[in-house]
Amino acid sequence: VLGELQKGDYLWGTWLAFLRPHRDLVPALLKGLKDRPDELPETLIALGNSGDVRALEPMLELLKGKDKRVAGFAAQGLGYLGNAKAEPG
């Protein structure tokens, strides 16, 4: 999966990362948030399903952004994350 995210078919890698979440994939997915803007929806969903706390802050930042489409995908990813800190206070 990591090979797909780094040097292979990134979209396939995000799907695999969603299906088989693992903490070792999170750094590559976080890098994808910056380096692969066209694949943000897939990256955010895979990050969310990782359940990894490292994804929380970057996803919250995208949620606060001006792009409502990206914010919607960030909200969906945060829903998968299942972290109480993602809930509005």
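Let me start with Arg36, which makes a salt bridge with Glu39, with 3.4 Å between the closest N and O atoms. This is a predicted model, so to speak of local features we need pLDDT of at least 70, and side-chain atom pairs count only at pLDDT 80 or more, while totals for chains, interfaces and linings use all residues. Residues are numbered from 1 along each chain as its sequence is written, and side-chain values use heavy atoms, with hydrogens and water left out.

By salt bridge I mean a side-chain nitrogen of Lys or Arg within 4 Å of a carboxyl oxygen of Asp or Glu. By that rule the count is four, and I will go through some of them, including the one between Arg36 and Glu39.

On accessibility, buried is under 20% relative accessible area, exposed is over 50%, and partly exposed lies in between, with a 1.4 Å probe and protein chains only. In the opening pair, Arg36 has 32% relative accessibility and is therefore partly exposed.

Next, Arg54 and Asp52. Their side chains meet in a salt bridge at 2.7 Å, N to O. Which class does Asp52 fall into? Asp52 is buried, because its relative accessibility is 8%. Arg54 comes out at 34%, which means partly exposed.

Then there is Lys64, in a salt bridge with Glu61, where the closest N and O atoms are 3.8 Å apart. Here Lys64 has a relative accessible area of 62% and so counts as exposed. Glu61 sits at 47%, and is therefore partly exposed.
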